[in-house]
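Here is a short note on the model, as numbered points.

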Amino acid sequence: MWIRSTMAYRASFVMTTFGNFAATALDFVAILLMFSRVDALGGWSLPEVAFLYGLSGMAFGLADLAIGSMDRLGSRVRDGTLDTLLVRPVPVLAQVAADRFGLRRLGRVVQGALVLGYALASLGIDWTPARVLLMPWMVVSGCGIFCAVFVAGAAFQFVAQDASEVQNAFTYGGTTLLQYPPTVFAQDLVRGVTFVLPLAFVNWLPASYVLGRPLPLGLPGWVAFAGPAVAVACCALAGVAWRTGLRAYRSTGS
């Protein structure tokens with residue numbers, strides 16, 4: 001329904017999609033401005049940082065396209081309109097994800113893909129079967145990890161009710177963090193996004209393997225291939241959190 005509604009005004013769709021593309025492109029413009037003053041950032045060259053940026057942008061863009069509407073759950077809990085979704089013969093999670101589905105978010109995916117294409121064209125990567133295999137794995141598993149963060153954040157809103165910005169700190173904030181190399185951050189932060197909230201598996205760990213760099217925290221090379229398993233585990237935990245929050249929901253009482 002939302003796609004049909006969007007495509008009914010195609011000129012508006014094109015403009016909003018381009019606006020989304022341009023707004024996200026400003027993040028990479030900021031990186032370009034930094035590299036106009038330095039040759040390397042934390043020991044990483046511009047094409048290497050662009051590689052991180054493109055992977056993060058594509059993975060998050062796909063997750064945001066599929067399930068980015070989860071941050072509206074808090075308003076539904078507050079005004080009681082979540083009750084409408086509960087009486088329909090469709091999973092509530094699917095309904096919340098599809099609520100006001102924004103096809104314009106494709107702009108972020110396209111922008112990330114273009115930056116990734118630039119990085120691959122600029123980097124002299126020694127392609128091996130393992131590195132070729134890692135490329136689609138990174139995007140798919142990264143999308144899964146971000147989807148799990150979206151769902152877990154929505155589950156928290158059953159309790160907090162007005163916590164969309166807390167959720168955004170880990171989703172939008174997480175993708176911004178991953179656009180920069182791990183060497184510019186404190187080791188404690190790198191450990192946190194590796195072992196607590198495993199965003200490092202979106203691009204830091206597998207990208208380091210593809211680029212022939214040592215993995216952060218001195219981790220062994222095989223950890224770079226653990227992204228799909230980590231994504232499945234994160235989605236399973238997020239599913240448990242979602243079902244727990246949904247069972248605890250008691251409407252507005254009005």
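1. The crossing of H2 and H7. This is a predicted model, and the first point concerns helix H2, residues 10-35, and helix H7, residues 106-122. Their axes come within 7 Å and cross at roughly 45°. An angle of that kind makes H2 oblique to H7. The crossing of H2 past H7 is right-handed.

2. Residues in the H2–H7 contact. From H2, the contact uses Thr17, Asn20, Phe21, Thr24, Ala25 and Phe28. H7 answers with Gly107, Arg108, Val110, Gln111, Leu114, Val115 and Tyr118. By class, the residues of this contact are 7 nonpolar, 5 polar and 1 charged.

3. The crossing of H3 and H8. Helix H3 covers residues 46-67, and helix H8 covers 129-160. The axes of H3 and H8 lie 8 Å apart, and the two helices pack at an angle of about 50°. H3 and H8 are therefore oblique to each other. H3 passes H8 in a crossing that is right-handed.

4. Residues in the H3–H8 contact. On the H3 side, the contact is made by Phe51, Leu55, Ser56, Met58, Ala59, Phe60, Leu62, Ala63, Asp64 and Ile67. They meet Met135, Met138, Val139, Gly142, Cys143, Phe146, Cys147, Phe150 and Val151 of H8. The class count for the contact of H3 with H8 is 16 nonpolar, 2 polar and 1 charged.

5. The cavity. How many cavities of 30 Å³ or more does a search of the whole structure find? The search finds 1, and the volume of the largest cavity is about 40 Å³. The lining of the largest cavity consists of Thr24, Asp27, Tyr53, Gly57, Arg108, Gln111, Thr175 and Gln179. H2, H3 and H7 are the elements that give two or more residues to this lining. Sorted by class, the cavity lining has 1 nonpolar, 5 polar and 2 charged residues. Thr24, Arg108 and Gln111 of the cavity lining are also among the residues of the H2–H7 contact.

6. The largest pocket. The volume of the largest pocket is about 330 Å³. It is lined by 15 residues, and the closest to its centre are Ala148, Val149, Ala152, Gly153 and Leu197. At least two lining residues come from each of H8, helix H9 (164-178) and helix H12 (227-248). Which helix gives the most to the lining of the largest pocket? H8 does, with 5 residues. The lining of the largest pocket has 13 nonpolar and 2 polar residues, with no charged residues.

7. The second largest pocket. This pocket holds about 190 Å³ of space. Of its 13 lining residues, Thr6, Thr16, Phe101, Gly102 and Arg104 are the closest to its centre. Helix H1, residues 2-7, and H2 each supply at least two residues of the lining. By class, the lining of the second largest pocket divides into 5 nonpolar, 5 polar and 3 charged residues.

8. H2 takes part in the contact with H7, gives two or more residues to the lining of the largest cavity, and supplies at least two residues to the lining of the second largest pocket. H8 meets H3 and also contributes 5 residues to the lining of the largest pocket.

Notes. Residues numbered from 1 in each chain as written. Predicted model: local features only at pLDDT ≥ 70, side-chain atom pairs only at ≥ 80, totals over all residues. Heavy atoms only, no water. Axes fitted to C-alpha atoms, helices over the stretch in contact; angles between N-to-C directions. Helix = DSSP H or I, 4+ residues; strand = E, 2+ residues; numbered from the N terminus. Parallel < 35°, antiparallel > 145°, perpendicular 65-115°, else oblique. Left-handed = near helix turned anticlockwise from the far one by under 90°. Contact = heavy atoms within 4.5 Å. Nonpolar A, V, L, I, M, F, W, Y, C, P; charged D, E, K, R; others polar. 1 Å grid on protein atoms, 1.4 Å probe; cavity = no way out; pocket = protein on both sides within 12 Å on 5 of 7 lines; lining within 4 Å. Points joined across faces, edges and corners; volume = space filled by probe spheres on them.
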